[in-house]
Every structure is written in structure tokens, then in C-alpha cells.
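Let us walk through this protein in questions and answers. Keep the model open as you read.

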Amino acid sequence: MSNRTPLTRNMLTKPFTFTVGGVDMVRSPMTEDEINSFGLTVDPRHHTFSEVWHQDVLESVEDGHPIFITGPSGTGKDYLGEAVAYIMGKPLILLSIKPDLDPNEWVGGTGLSGDGVGGTESVIEEGFLSKACKGYEIERNGKKITVGAVILVSDFDRATPRQAEVFRQAFEEKGRRYLTHPTTGDKLPIHDDTIFLLTANSGVDGDGGRGNVTSQLDTSIVNRCIGVLAPPPSAKFEREMVQLRYPQLDKAEVALLVKCLRSVRGAVHDAQLPLEISLRTANMVAKKSLRRKAKGMAWEKALREGFRVVSGFMHEADNRAMIEGALDPIIGSANITSGANV
């Protein structure tokens, strides 16, 4: 079964097992319409799951521990989390740690409600994270089923100790997990099938000098998680993902784009510039290049213009020339390609 396979009628009575990337997964019997009915959206994320760390994540999903995915920006950490939710048929809750955020607001608080006699009164409310952690109830053949959500928290390495503390008990083992209501102190239950995926650009030993804004991770909280390192992607994976995203490109065009991407990445890294050249970059380059190609421009020249999305960050002429120089051995120098179709 691929992650493109839709749910069929006989799959809707109970969760079922399928294999993706050589790993057995359990898919929830939840349709897209049902997910939408809870005010959530379904964003199909087609994925090849071909890297070793993808397998590590898939194998860890059923273990019941939060999965802490760390790696450079743009390696596809959040994208993988979204793809996991999609193939498993689970509701996806997207959260992100920000400097001034109080995660307790996700858990609960107080609000005002009418008192029935023309006035208002204070009422205790549960936040959307608490509600999501309880799972989402659907009905099959007269029987109620609760489906756990995938909670994806990005930039968790930016969490201050106070922010991370909100999740301490939520990251315990199944059967012992709960959130604490910030007003009442009540323990709010977490459904056993809830999956926590945390993404970060740095690990317990930093980010390799990439200059990301991070906080010191609380080891007692990190120790509750399964760690997965997401290294820079292989050329094979980058080709697969570009081909999935842009099926109108042939294999040779995809290969040329990825080869250019990796050459530019190497040049930027060697120059120690604070810029990540990632699959996001490939996506931006592809869009710009395809617009040029649609106007009749040769693919090589279209790519050169597409990579202006990278050189556009650079004020220094030498740095912009460095990007051109990284492209020259692959698609020819600008002087040579200037005579191509325009």
C-alpha cells in the first residue's frame, strides 16, 4: 500500500495494518470528511520514505514515546511529520514554539459566559491542545471509536525551560501521560494513540555552528523522547521529492536541478554563509525555472535564473559570482548559455 491509496469501505470498520517503507503501520479508519468535520484540514503529503532516518521515525511511531527529530533546517523534518499523519489517517495538530508564547494557553484557561440573567460569569475552559490530546470520536456501525491525533511541535529546541515544562507529564509513557490545567491544576488525559512529534534544528550538543536561535534543552524532558537525527538529504531522495512535486519535469531535468542544488549548497557551506540550501530551496528554484521554461527558455538557462532566489540574499558581488561559479561546471557558463533559446 502506498501513501496515495485512499480508504475503501471495508477499511472503515476498524484500524488496519499496512506496510510503508518496509515498516508495518496502523492506519486509523478516519475519512477526510470526518477530519474536516472537526475543523481540521487534510493536506496530502506524498513521501518516498527512502532515507534511513525516515525508517527510524516510522519504526518509533508505535513505541508510545515522543519522537524528537533534529537536523539542519530544510531536511524535511516537519514535512515527514505531516506525511506520517496523512498516511496513518490521523488528525494533525501543528504547533510551533515562539519566544513570547505561553504553551499553557494551548492547555486551558478561563473565559466569560452568560449567567442567564443578563450578566457574565467566569468559566473554566480547555484549550485546543487538551481537546486534541483526548482524541477525536467517530462512529462505525453504531460503535464509537476514538482516534488519536498527531501533535507536531516544531522548533522545540527554542523552548525555554518554562515552556518545555508544560509538556513534562505529556511526554511520559502511555497510561501515565496528562496535561495539567494551568488554572485548576486538574490532570487532563491524553489518549494512548496520541503521537507527539517534535522537530528541532539543534540537538543536545548544539547545531553544528549553523547559527540557529536555540535554548538549552532540559535533559529530563529530552530523556522521555526517542531521538532521530535528520541529516542533509541524499541526492536520490532530493530527486524523488522534486519528481513527486513536479511530475511535468523529466528525469534528466530533475537530475540537473538537484545537481545544481547540491553544488550551490557546497559553495555556500564552504563560504560559511548563514544560509541553508534545502528542499525548500529546490522548490523555489523549480517554480521560478518552470515559469522561464514555459516561455520557451532552455532548461539550463531557466535553472540559472531560478537560482537567483539564492543569490538574491547576497549583497557582495563576489558571493553572487560564487553561486554562478557553482553552476558553471554543470550547466555551462553564463556566456555560453546566453545563446540558448529565450
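Buried means under 20% relative accessible area, exposed means over 50%, and partly exposed lies in between, with a 1.4 Å probe and protein chains only. This is a predicted model: local features need pLDDT of at least 70, side-chain atom pairs count only at pLDDT 80 or more, and totals for chains, interfaces and linings use all residues. Residues are numbered from 1 along each chain as its sequence is written, and side-chain values use heavy atoms, with hydrogens and water left out.

Q: Is His47 buried or exposed?
A: His47 sits in the loop between helix H1 (32–37) and helix H2 (52–60). Helices (H or I, at least four residues) and strands (E, at least two) are DSSP runs, numbered from the N terminus. The relative accessibility of His47 is 6%, so His47 counts as buried.

Q: Is Asp24 buried or exposed?
A: Asp24 lies in strand S2 (residues 23–27). Leaving out residues up to four places away in sequence, Asp24 touches Thr17, Phe18 and Thr19, where contact means heavy atoms within 4.5 Å. Its relative accessible area is 52%, so Asp24 is exposed.

Q: What is the phi of Gln272?
A: Most residues other than glycine have a negative phi. Gln272 is found in the loop between helix H9 (251–270) and H10. Gln272 is not a glycine, yet its phi is positive, at about 55°.

Q: How many residues of helix H11 are buried?
A: Helix H11 covers residues 299–306 and is mostly covered. Its buried residues include Trp299, Leu303 and Gly306.

Q: How far apart are the C-alpha centres of domain 1 and domain 2?
A: The chain is divided into domain 1 (9–229) and domain 2 (235–331), with bounds from an automatic or database domain assignment. In contact are 11 residues of domain 1 and 9 residues of domain 2. The C-alpha centres lie apart by 34 Å.

Q: Where does the largest pocket lie?
A: On a 1 Å grid over the protein atoms alone, a pocket is an open set of points with protein on both sides within 12 Å along at least five of seven lines, a cavity is a set where a 1.4 Å probe fits but cannot get out, and lining residues have an atom within 4 Å of a point. The largest pocket holds about 660 Å³ of space. Of its 29 lining residues, the closest to its centre are Gly76, Tyr79, Arg245, Leu279 and Arg280. Both domains give residues to the lining, so the largest pocket lies between domain 1 and domain 2.

Q: Which helix gives the most to the lining of the second largest cavity?
A: The search of the whole structure finds 2 cavities of 30 Å³ or more. The second largest cavity has a volume of about 40 Å³, the space filled by probe spheres set on grid points joined across faces, edges and corners. Helix H12 (308–311) and helix H13 (317–331) each supply at least two lining residues. With 4 residues, the one that gives the most is H13.
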